[in-house]
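I opened the file to look up how the chains touch. My notes follow in the order I took them.

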Amino acid sequence: LAGFTNQKLHRRTATGYAPWVKIVEAHAGIAPAAQELLHSATQRIAQQSAAVRDTTYYLSRVGNPSTTITAHGAARIYQSWTERWRIRERFPQPDWSIIDLWLARKLLAMHVSTAQVEAILRLGSPNFPRHHGDPEGYLRRTLARAALPAPRAVCSTQATAHLLPRHATGSDGSNPRGGR
Amino acid sequence: MPNAFYFIRLIHGVTRKPCPGERVWDAGQLVRGSVVRFLRARNQQGYDIYLLPYAEQCNAGYILIDLDHATADVLPRMRANGHEPCVVLQSSPGHLQAWIRVSTIPLEPALATAVSKQLARTYGGDLASTNGCHL
């Protein structure tokens, strides 16, 4: 790379020159853990495919988008996505309100009707309505929030802190929690 | 990064407009003096030179991680985890790009993207650069 420079304006040096592009290190060879990387990536893709397949399958059985999905179908869809996102492994005590929001965002992005998303959350979310005093209001607020642009990629590892139970974080939580 | 072919793109550093024409060159062409002079000349005219090992519709087996905001220990951590890069570039002071070879045969784009995302999350790489065929 001798003689090559980075021409982006915001990378200019203090003196106004384009910085040199340098090779820090180079050697031939495959990464020792390449196989493990490929294996885990393949598994993740398969899980995602299974979640999409389950969602499509159970919703297609309903036929009419305004008809409510069965409890079994809703639970299966919810479970597929929690498996896909490895919720149980990553978060011993997940805040299911946050998972509800993630799932609502995902399903809306897949063009699932709001009525069906609401039914999937009501019938599939673990122990719903849990502590929510106003379940219908909770679902309405969750869907409204899910329809807004996501602040970041759903279920990213950076979102971990938001998944801790409210009592563990001292946070006042977010809208979908349903508290008054 | 040994490979049969390389995809070259020239993008202007200020206007972000690509230089007309996309180029796929083999390794022999790429190290030819006249080609290197051509690329240097375009670079001096303000174009950044982007290079990607080429495998038609697939990823050639190399994963790029953009380490713009990485911590100083990132390369030792990558080595310790068995994710040793085959090439590390410093594109400007404090900004590294690491290429990790994960396969000797081409990968499906979805698989390459999944590996790329995993590595970017693990090492604080730029998630916007995790398309499996990112330049």
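I began with contacts (heavy atoms within 4.5 Å). I found 36 residues of chain A in contact with 45 residues of chain B.

Before going on, I noted that this is a predicted model, in which local features need pLDDT of at least 70, side-chain atom pairs count only at pLDDT 80 or more, and totals for chains, interfaces and linings use all residues. Residues are numbered from 1 along each chain as its sequence is written, chains are lettered from A and ligands numbered from 1 in the order in which they are written, and side-chain values use heavy atoms, with hydrogens and water left out.

Next I looked up the buried area, which is the accessible area (1.4 Å probe) that two parts lose on being put together, summed over both. Between chain A and chain B it is about 3,200 Å², and carbon and sulfur atoms give 58% of that.

I then checked salt bridges (a side-chain nitrogen of Lys or Arg within 4 Å of a carboxyl oxygen of Asp or Glu). There are two between chain A and chain B. One of them joins the side chains of A:Glu25 and B:Arg79, at 2.6 Å from N to O.

For elements I used DSSP runs: helices (H or I, at least four residues) and strands (E, at least two), numbered from the N terminus. On the side of chain A that touches chain B, β1 (22–26) and α1 (34–62) each give two or more residues. The largest share, eight residues, comes from α1(A).

Last, I looked at strand pairing, which needs at least two DSSP bridges. β1(A) pairs with β6 (residues 87–92) of chain B in the antiparallel sense, over four bridges. In this pairing I found A:Ala26 opposite B:Val87 of β6(B).
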